[in-house]
Amino acid sequence: MPLKPSGPDAPDFADPRWLSAWRELDCRLPGVQAVFEACAVSTLERLTEAQQHGLWGAGRQLGKMGRGGAPVMAWLTHWPEVVVLIGDEALDDVMALVHAMNRSPNSAAIAPMLGSLATAAKRLGAADGLRQYLQLVQQFMQQTTGSIHGHQQTLPSPGLVPLLEQVPRLLQLLSLAGLRRWVEHGARVHRQHPQHQADYFGLVSDDSMAMLQRQRHGTLLVDVQRTLNMSLQALCELDVPLVPLTCEDAGVGRVSPALQKDNSTTSDHTSLGLPDVLEPLHGVDALTRYRLMLLHAAGHHAWSGQCVADNWSPAQRLAVEWFEDARIDRLLLQRWPGLRAPMLALLPPVQEGACDEAHFACLRHRLAVFNRAVLDAGFAVQDATLQGFVQAFEAALQEGANTPTMAELALRFVARTRRQSDQRPSVFFEGTQLDWRDDNRHLWRFIEDGDEEDTQSTPRSDAPHELHSLPPRLYPEWDCHSQSERPDWVKVYEYLHPSGHASDIDRLLDQHSGLRRRLQKVLDAMKPQGRERLRRLEQGSELDLDPAQQALIDLRSGHTPDGRVQQHWRTNSRDVSVQLVMDLSASLAERVPGSEHTVLQVSQAAVAILGWTLAQLGDALALGGFHSNTRQEVRYMHLKGFNEPWGAEVKARLAAIEPAYSTRLGAALRHGARPLVQRASSRKLLLVLTDGEPADVDVSDPDYLAQDARQVVRELEAQGVFVWCIQLHPAHEESVRTVFGEHYTLVDRIERLPQVLAGLFLRLTR
């Protein structure tokens with residue numbers, strides 16, 4: 001028998017799984033049940049259990065917003081399609097935009113925005129593309145939402161809902177970059193005229209259609225993606241996802257294909273990024289250009305190996321890439337001779353002697369001349385040295401050359417053709433950029449990271465441990481100069497910190513055994529006693545026998561009895577959640593004046609005592625540490641979660657922490673406070689342990705990061721989180737006051753930190 005919920009209005013579900021999902025959704029708004037029943041079967045079949053929880057949980061949030069059933073119905077209808085197409089990586093980004101709309105005058109746009117997600121995911125083809133679309137919508141909303149007095153947004157954007165309703169049509173015609181330009185033009189030109197804005201984004205006005213036609217150009221990758229996938233499978237027996245790239249992704253006006261390849265022998269983690277739109281070029285249609293890019297990257301995947309590049313100069317790596325690309329193209333021409341005509345048509349018309357060595361570095365030019373000579377049989381070089389390398393290249397191909405052979409030949413090329421002008425800062429680029437070749441990031445493997453290795457998929461690391469991060473989470477950052485947030489500005493990587501020796505923490509605790517004994521007496525008084533009996537009440541839940549008996553005796557003896565003869569039992573418990581965020585920047589390695597210990601060791605002891613204290617009280621505690629190396633790499637070290645017990649594993653992680661890098665405080669607070677904000681505790685306390693002011697190597701303004709952290713503290717306090725800072729350096733007290741106001745404690749003597757931290761917590765949570 002299928003389970004059925006009780007109640008007169010309970011729906012009768014045929015599948016027991018429906019009942020569990022319906023309870024998790026927890027929404028009884030009109031129309032929602034019919035949509036739920038219509039989509040439940042396919043949702044349960046196509047989505048994993050975790051993806052289903054995300055779907056129902058987000059739907060429950062939408063239902064509690066008080067915006068009716070339309071957002072929930074749109075969510076249940078379209079989000080499963082998004083998950084099937086690109087996964088649920090963008091779930092947090094979608095809900096962030098929903099909450100932003102809900103807090104603004106644009107709540108009516110929530111349902112249309114959710115309704116556009118499936119089309120956006122299908123046309124953009126990747127989670128990153130969907131995130132860029134959501135950013136575009138949010139930026140447009142912020143630009144066009146009106147205000148009566150100029151202080152607070154009170155008027156909804158007149159063009160937002162029309163834009164969202166037209167997104168399916170627009171994405172059929174435009175690339176994401178084209179859509180962005182079309183939207184920005186309409187927002188800029190019609191910002192002051194609501195009706196014209198609504199007409200523009202509703203595709204009613206002539207201006208709108210003219211601008212739309214101007215942005216329509218070329219062939220969209222999404223329109224030929226199925227054809228390209230079939231070509232790749234048929235010709236190369238390779239099945240990899242194709243990801244659209246825009247010029248904004250590359251930061252340049254031209255996008256090169258990008259082959260993301262792991263070091264294993266499988267292609268499970270391989271993807272190929274291609275330009276999101278292409279136009280015909282030199283008589284070669286866009287589809288053929290896509291196929292050339294596709295086959296060249298597939299050739300690298302099949303025939304190229306990796307080179308260790310640590311000891312090679314940029315010039316040597318450049319030459320290796322050109323020689324290896326030429327080898328791959330020759331192999332493609334041997335297997336598919338029909339590629340010769342489009343390849344030669346797209347080959348730049350480079351000529352010997354075109355580079356002026358008096359003004360330019362000409363290495364790229366020499367490589368381009370060599371490349372044309374080995375691909376175009378009708379092109380002959382005059383330089384004897386270049387002729388020798390062309391012949392050596394042909395001989396190597398005849399012998400079945402591989403990547404190491406090409407690398408050796410390329411290094412010899414650099415050494416033999418070196419010119420004094422190669423050191424000039426101005427590089428000759430004309431005729432040296434080939435349309436179909438990728439960026440060659442897959443060729444290189446770095447054993448030791450350096451400043452120039454930006455082709456790695458993981459952030460650069462100089463830390464002493466080999467760490468494995470979760471995918472980065474993007475956070476905004478407050479720009480105090482423009483008084484606005486920079487969306488998705490900072491990348492935070494979260495790591496489970498490696499373990500050291502828990503005995504090191506036990507020794508630190510033994511050194512403060514006297515403090516622990518004093519704390520134990522305080523803790524015994526603070527511990528919740530379970531149930532507490534309140535006696536001698538006039539109104540209670542039950543009779544208190546002893547006072548009742550005394551009242552009866554008084555009554556019979558002629559005295560006036562005391563009427564307080566009832567009692568009541570109540571639960572006496574603490575409901576406190578504490579998140580401690582530790583600053584692990586390089587300055588913690590300094591020694592405490594007059595002591596053999598470093599600031600880090602004293603901080604470890606303080607945190608250990610706090611952890612022991614909360615374990616005695618039964619309060620929930622989470623621990624994390626952070627340091628930063630520019631906005632692209634903020635590291636958040638997970639030491640203890642709220643549900644982890646205080647024990648040997650946590651102590652071992654705490655013992656292994658080491659200081660490094662800088663202090664980007666705002667991003668760390670945003671990330672560290674996320675689980676605390678989501679908890680249902682009545683008291684939420686965020687403690688920040690730091691010895692310096694916010695700073696990072698990519699920020700020159702000393703006040704910029706302090707203002708960002710100040711903004712984060714304000715946002716957290718508005719969400720019910722009490723933030724307190726423990727400051728370890730008196731020289732930065734002014735900066736700490738800027739960020740935390742008066743909610744800070746200055747520890748003038750570092751050796752007193754364990755006692756101060758424990759006492760502060762007891763005072764804040766009493």
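**Exercise 1.** In this predicted model, state which handedness the β-α-β unit made by S16, helix H27 and S17 has.

*Solution.* Take the elements in chain order: strand S16 spans residues 683-690, helix H27 covers residues 704-718, and strand S17 runs over residues 721-727. Next, check the strands: S16 and S17 pair in the parallel sense, over 7 bridges. The unit formed by S16, H27 and S17 is right-handed.

**Exercise 2.** Explain why S17 is described as largely enclosed by the rest of the structure.

*Solution.* A residue counts as buried under 20% relative accessible area. By that cut-off, 6 of the 7 residues of S17 are buried, so the strand is largely enclosed by the rest of the structure. For the protein chain, buried residues make up 50% of 766.

**Exercise 3.** Describe the protein chain by its secondary structure, contacts and surface.

*Solution.* Secondary structure: 29 helices and 18 strands. Contacts: of those between residues at least 6 apart in sequence, 71% join residues at least 24 apart. Surface: the accessible area is about 36,800 Å², with 48% belonging to carbon and sulfur atoms.

Note on methods:
Residues are numbered from 1 along each chain as its sequence is written. This is a predicted model: local features need pLDDT of at least 70, side-chain atom pairs count only at pLDDT 80 or more; totals for chains, interfaces and linings use all residues. Side-chain values use heavy atoms; hydrogens and water are left out. Buried means under 20% relative accessible area, exposed over 50%, partly exposed in between (1.4 Å probe, protein chains only). Helices (H or I, at least four residues) and strands (E, at least two) are DSSP runs, numbered from the N terminus. Two strands pair if DSSP finds at least two bridges between them. A crossover is right-handed if, with the strands pointing away from the viewer, the path from the first strand over the helix to the second runs clockwise. Contact means heavy atoms within 4.5 Å. Accessible areas come from the Shrake-Rupley method with a 1.4 Å probe; for residues, only the protein chains shown count as cover.
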